[in-house]
Amino acid sequence: MNQHTSQHESVYDGLVEDHGDVSGQWAFGTSFEDPLAGVDTTMPEGVDGADLAAYCLGLGDDALVLSHRLSQWCSRAPDLEDDIAIANIALDLLGQARLLLARAAAADPAVVPVLPEGSPAPDEDRLAFFREAGELRCTRLVELEHGDFAHLVVRLLLFSTARLALLHRLAGTRDPVLAAIGAKGATEVTYHRDYAARWVVTLARGTEESRRRLLAALDELAPWHPEQLDTHPVATRLAESGAGVDPAATAEEVEGVLAQVLEEARCPWPEAPRRGGVRGRTGRDGMHTEALGRLLAEMQVVARAHPLGRW
Amino acid sequence: MTTTPNDTSPRAEWPLYEVFVRGKRGLNHVHVGSLHAADDTMALHHARDVYTRRNEGVSIWVVRADAITASSPDEKDPLFAPSGDKVYRHPTFYDVPADVPHM
């Protein structure tokens with residue numbers, strides 16, 4: 001026998017690296033990186049802590065709520081491969097939510113819900129699982145009830161197009177943590193947008209039925225899209241201090257990308273007017289649709305039943 | 001969609017692809033499994049989602065399973081048994097220095 005094959009060498013060795021007690025286990029993956037490794041976590045000077053917290057909550061809640069919506073698709077996608085793809089996207093967004101909610105808590109500890117003495121829940125979990133719907137700052141697009149698979153990919157396209165433009169710009173802002181989250185998130189969301197855009201084009205140019213469903217999803221969701229690009233006083237102030245991005249500044253790029261995808265899909269942008277707020281208030285002000293309350297009831301029930309639980 | 005001519009209904013099963021991944025330290029692509037996809041591009045994306053989600057790979061190959069010609073288990077003996085006793089075909093009579101990589 002050859003002396004090397006006799007050492008039980010596995011063909012998977014090239015896929016793994018040593019990392020402590022689980023070395024050589026391909027299934028455990030390999031060499032993960034801490035997205036905040038080496039990042040200065042002190043607050044940048046001249047930035048209002050309450051504003052930074054509110055801004056991080058908005059972006060974090062967008063990711064948290066859409067992540068939950070996507071995770072509800074688990075086992076319901078058209079096939080196994082897309083099921084895993086959707087779960088991957090949900091996990092990417094959950095990772096972004098975790099970092100953003102933790103940053104919000106660091107910027108302004110007053111936003112973190114108070115739990116009973118001795119609760120081991122970290123700040124980001126308290127923010128995710130112990131706030132009421134009216135305290136969340138996500139846009140209403142991400143919270144809407146599910147439709148079919150076309151609804152899923154259209155929502156993901158609208159969301160990831162707006163978010164990618166924002167994350168790219170966030171990478172160049174003054175808060176080192178937000179900048180790192182922007183840089184890391186941009187690579188993730190680039191893939192999400194690509195995934196969604198490919199399916200939008202495929203469905204739009206597939207069968208008569210797939211096109212009908214795609215157009216129906218677009219009709220339903222397009223009116224909720226402009227809210228993503230609204231300027232909010234918090235974003236304006238942060239953008240002025242160089243620590244945030246005004247979503248309105250991304251509008252041209254976002255509309256350009258969407259127009260390109262829809263042209264490829266041979267779909268017109270629906271003419272229906274945008275969804276207004278309630279007395280001018282929208283998701284960023286804590287004004288949500290009924291769907292968010294139901295979503296949170298399911299998402300938070302276990303954590304709320306065991307505020308002292310360790311997970 | 002890449003479907004065979006007599007297999008054109010929208011509900012027809014997508015063709016099977018075999019997936020090969022090259023890891024960061026790996027020198028060659030390793031077969032990691034298979035998946036279904038409508039065409040080559042979708043197969044590549046599905047492979048990324050299904051087989052590299054734990055940071056395993058830096059390169060992916062996908063190939064239609066029906067494009068692979070495989071040896072038959074029935075031919076196992078005539079094909080492989082003759083090399084079983086040819087010890088002189090192994091370079092085991094040389095001392096390989098410990099610092100020679102990839103042997």
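Mentor: Strand β1 (residues 16-23) of chain B pairs with β2(B) in the antiparallel sense, over six bridges. Two strands pair if DSSP finds at least two bridges between them. Helices (H or I, at least four residues) and strands (E, at least two) are DSSP runs, numbered from the N terminus. This is a predicted model, in which local features need pLDDT of at least 70 and side-chain atom pairs count only at pLDDT 80 or more, while totals for chains, interfaces and linings use all residues. Residues are numbered from 1 along each chain as its sequence is written, and chains are lettered from A and ligands numbered from 1 in the order in which they are written.

Trainee: What joins β1(B) to β2(B)?
Mentor: A hairpin does, through six residues.

Trainee: Which residues in β2(B) do Y17(B) and E18(B) stand opposite?
Mentor: Y17(B) stands opposite L35(B), and E18(B) stands opposite S34(B). In a regular strand the side chains alternate between the two faces of the sheet.

Trainee: What is the order of the strands in the open sheet?
Mentor: The open sheet has three strands in the order β2-β1-β3 (chain B), with antiparallel pairing. β2 (30-36) and β3 (57-64) of chain B stand at the edges with a single partner strand each, so one side of each has no neighbour in the sheet. On average, neighbouring strands of this sheet are turned by 30° against each other, direction ignored. Axes are lines fitted to C-alpha atoms, for helices over the stretch in contact, and angles run from 0 to 180 degrees between N-to-C directions.

Trainee: Where does helix α1 of chain B lie?
Mentor: Helix α1 (residues 40-51) of chain B lies across β1, β2 and β3 of chain B, and runs at about 135° to β3(B).

Trainee: Turning to chain A, how many helices and strands does it have?
Mentor: Chain A has nine helices and zero strands.

Trainee: How do α1 and α7 of chain A pack?
Mentor: Helix α1 (residues 49-71) and helix α7 (residues 233-240) of chain A pack at about 120°, with their axes 9 Å apart. They are therefore oblique to each other. Angles under 35 degrees count as roughly parallel, over 145 as roughly antiparallel, 65 to 115 as roughly perpendicular and the rest as oblique.

Trainee: Which residues meet there?
Mentor: D51(A), L52(A), A54(A) and Y55(A) in α1(A) meet V234(A), A235(A), R237(A) and L238(A) in α7(A). The residues of this contact divide into six nonpolar, no polar and two charged. Residues are in contact if their C-beta atoms, placed from the backbone, lie within 7 Å. Ala, Val, Leu, Ile, Met, Phe, Trp, Tyr, Cys and Pro count as nonpolar, Asp, Glu, Lys and Arg as charged, and the others, Gly among them, as polar.

Trainee: And at what angle do α4(A) and α5(A) cross?
Mentor: The axes of helix α4 (residues 149-170) of chain A and α5(A) cross at roughly 150° and come within 7 Å. These two helices, α4(A) and α5(A), are therefore roughly antiparallel to each other. Their contact has 18 nonpolar, seven polar and two charged residues.

Trainee: What about α5 and α6 of chain A?
Mentor: Helix α5 (residues 176-204) and helix α6 (residues 208-221) of chain A pack at about 125°, with their axes 7 Å apart. α5(A) and α6(A) are therefore oblique to each other.

Methods: Contact = placed C-beta atoms within 7 Å.
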